[in-house]
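The sequence and structure come first.

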Amino acid sequence: MTENLSCEALRDDVIALLYDDGNREERTRARDHLAQCVPCRTEYSELKGVRKALGGWTLPLPSPLPQAKPRLHVPWFPAGLAAAAGIVLGIGMAVAGRSLFFEPAGNPLTAVASTANPAPPQFVSQSEFQNMLKQQEARHQAEIAELRQTLTQVAEAVPESASVRDVSNLSPVAFESLLKASEARQARMFEARLAGLRNDSELQRQYDMAQIAAGLAYIDSRTGADAARTSELMKNLVRVTAKPQDR
Amino acid sequence: MLNRSQMSDEQLVEAFQAGHVAAYDELVSRWQGKIRGAVWRVLGSTEDAADVTQEAFLRAFRGLKAFKREAKFSSWIYQIALNLCRDALRRKKGKSYVSLDEPEPKIPALPSLSPSPLQLSEGNQLAERVRQAIQKLSEDQREVIILKEYEGLTFAEIAETLGLPTSTVKTRLYRGLVEMKQHLAREGVTSASSIHDSNES
């Protein structure tokens with residue numbers, strides 16, 4: 001009985017020795033006790049075994065986060081916030097009855113209104129997306145070259161002095177011809193400007209789509225991406241809360 | 001001027017409280033792995049662990065201005081996370097009517113804790129049995145064992161985190177280990193042998 005009381009009284013010291021934590025006196029007392037108490041020595045050995053078994057329970061390794069980077073870099077639009085905005089935009093468009101997905105064939109980069117039998121929407125892979133962008137760029141280059149050629153031809157067709165010469169002496173036919181040439185030139189310039197605006201709008205749309213894809217991939221990859229998700233959220237939280245000089 | 005990564009937790013907290021909110025970023029990257037690991041072990045679910053960890057850091061962010069620097073930041077964030085774990089377990093218990101405090105061997109595992117085929121593979125058998133045994137411990141014993149065994153906190157740090165005297169921490173740890181020994185023995189894992197030994201027999 002006396003021995004049992006002593007064992008119980010020294011339990012904290014034995015635990016301190018088991019974990020090599022606590023002060024030296026505790027551990028020395030525990031060592032002295034274990035040297036003369038067989039039951040406690042056996043239990044100590046068993047508890048060491050339990051600790052060894054506990055070491056076999058390791059954390060699952062996180063899977064790497066998918067690297068979906070948008071092709072365009074817009075420095076004033078932080079990626080995390082852009083992804084969130086993209087998702088909101090996507091949901092908003094879906095609610096509004098619009099489909100903002102790449103079509104599998106035909107014109108690959110158009111926003112299409114929902115129809116009675118819409119083609120099943122799909123996201124393209126990153127390499128396919130890159131190819132589409134290259135094709136789009138090649139098409140634009142060809143259109144620009146064609147436009148330049150047309151403008152040059154128009155300029156050559158109009159006499160050099162037309163813009164400065166006195167038109168009061170021109171015949172009505174010649175005047176009308178000059179007027180038409182001028183109108184055609186302005187129409188082409190307007191078209192070129194319009195094409196430029198369309199191009200800008202299309203690039204922005206592609207960027208938004210890439211952000212939506214990245215955002216969805218980010219959400220889909222929940223397993224293993226928890227750390228990144230928390231980190232990203234906290235970074236954004238800090239970013240939006242921090243004073244400008246502290247960023 | 002110190003780089004943020006070179007600053008101690010106390011210095012980072014001080015910087016945050018002085019208005020340098022970005023200091024919190026460093027605290028998050030420094031502690032989120034540990035907190036997530038502890039939460040995962042207490043809850044046994046990766047998905048819940050992510051949510052609880054995130055919530056813990058959000059709460060800490062909100063409360064850090066008023067945080068008194070008498071305690072360590074790490075103890076404080078562990079405390080927040082463990083409180084959230086307790087809430088989560090209570091909610092889960094309410095839904096599934098399964099008591100995690102009940103040490104009976106017939107207790108069914110929570111749905112999210114069911115072993116997957118991967119977990120049952122040979123290399124994970126010991127981990128799976130240890131996990132099951134830990135889930136059968138009382139909440140108090142489980143927390144102390146996780147903080148000591150896996151988080152490597154000292155007795156004093158655990159005492160600070162849980163708001164307990166050091167002697168209570170040691171007692172809970174001892175009782176938890178003794179219960180673990182019994183649970184593991186029922187699972188076929190003897191305290192002095194590996195899982196392979198138990199399988200061969």
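Chain A contains eight helices and two strands, where helices (H or I, at least four residues) and strands (E, at least two) are DSSP runs, numbered from the N terminus. Read from the N terminus, the elements of chain A follow the order α-α-α-α-α-β-β-α-α-α. The model is a predicted one: local features need pLDDT of at least 70, side-chain atom pairs count only at pLDDT 80 or more, and totals for chains, interfaces and linings use all residues. Residues are numbered from 1 along each chain as its sequence is written, while chains are lettered from A and ligands numbered from 1 in the order in which they are written.

Of the 247 residues in chain A, 15% are buried. A residue is buried if 20 or more other C-beta atoms lie within 10 Å of its own, exposed if 12 or fewer, and partly exposed in between, with C-beta atoms placed from the backbone. Two residues are in contact if their C-beta atoms, placed in this way, lie within 7 Å. Among the contacts in chain A with a separation of 6 or more, 59% join residues 24 or more positions apart.

Asp20(A) has a phi near 50 degrees, a positive value in a residue other than glycine. Asp20(A) sits in the loop between H2 and helix H3 (24–36) of chain A. Asp20(A) counts as exposed because it has 7 C-beta neighbours inside 10 Å.

**Contact between the chains**

The contact draws 35 residues from chain A and 40 residues from chain B. On the side of chain A that touches chain B, helix H2 (11–18), helix H4 (38–54) and helix H8 (226–241) each supply at least two residues. H8(A) provides the largest share of that side, 11 residues. By class, the side of chain A that touches chain B comprises 15 nonpolar, eight polar and 12 charged residues. Here Ala, Val, Leu, Ile, Met, Phe, Trp, Tyr, Cys and Pro count as nonpolar, Asp, Glu, Lys and Arg as charged, and the others, Gly among them, as polar.

**Helices of chain B**

In helix H1 (residues 9–17) of chain B, the buried residues are Leu12(B), Val13(B), Ala15(B) and Phe16(B). Viewed down the axis of H1(B), these buried residues fall within an arc of 160 degrees, so they line one face of the helix; the arc is that of the directions from the helix axis to the C-beta atoms.

H7(B) is mostly covered, with six of its eight residues buried: Phe155(B), Glu157(B), Ile158(B), Glu160(B), Thr161(B) and Leu162(B). Gly163(B), which follows H7(B), has a positive phi near 65 degrees.

| Helix pair | Angle | Axis separation |
|---|---|---|
| H6(B) (residues 139–150) and H8(B) (residues 166–186) | about 95 degrees | 8 Å apart |
| H7(B) (residues 155–162) and H8(B) | roughly 100 degrees | within 8 Å |

Axes are lines fitted to C-alpha atoms, for helices over the stretch in contact, and angles run from 0 to 180 degrees between N-to-C directions. Angles under 35 degrees count as roughly parallel, over 145 as roughly antiparallel, 65 to 115 as roughly perpendicular and the rest as oblique. H7(B) and H8(B) are therefore roughly perpendicular to each other. In this pair, Phe155(B), Ala156(B), Ile158(B) and Ala159(B) of H7(B) meet Thr166(B), Val169(B) and Lys170(B) of H8(B). The residues of the contact of H7(B) with H8(B) are five nonpolar, one polar and one charged.

H6(B) and H8(B) are likewise roughly perpendicular to each other. Residues in their contact include Val144(B) and Ile145(B) of H6(B) and Val169(B) and Leu173(B) of H8(B). The contact of H6(B) with H8(B) divides into four nonpolar, two polar and five charged residues.

Arg129(B) belongs to helix H5 (residues 125–135) of chain B. Arg129(B) is buried, because 22 other C-beta atoms lie within 10 Å.

**Nonpolar cores**

A nonpolar core is a set of buried Ala, Val, Leu, Ile, Met, Phe, Trp, Tyr and Cys residues joined through C-beta atoms within 7 Å. The largest such core has 65 residues, of which Val39(B), Ala56(B), Ile77(B) and Ala81(B) touch the most other members. Helix H2 (residues 23–43) of chain B gives the most to this core, 11 residues.
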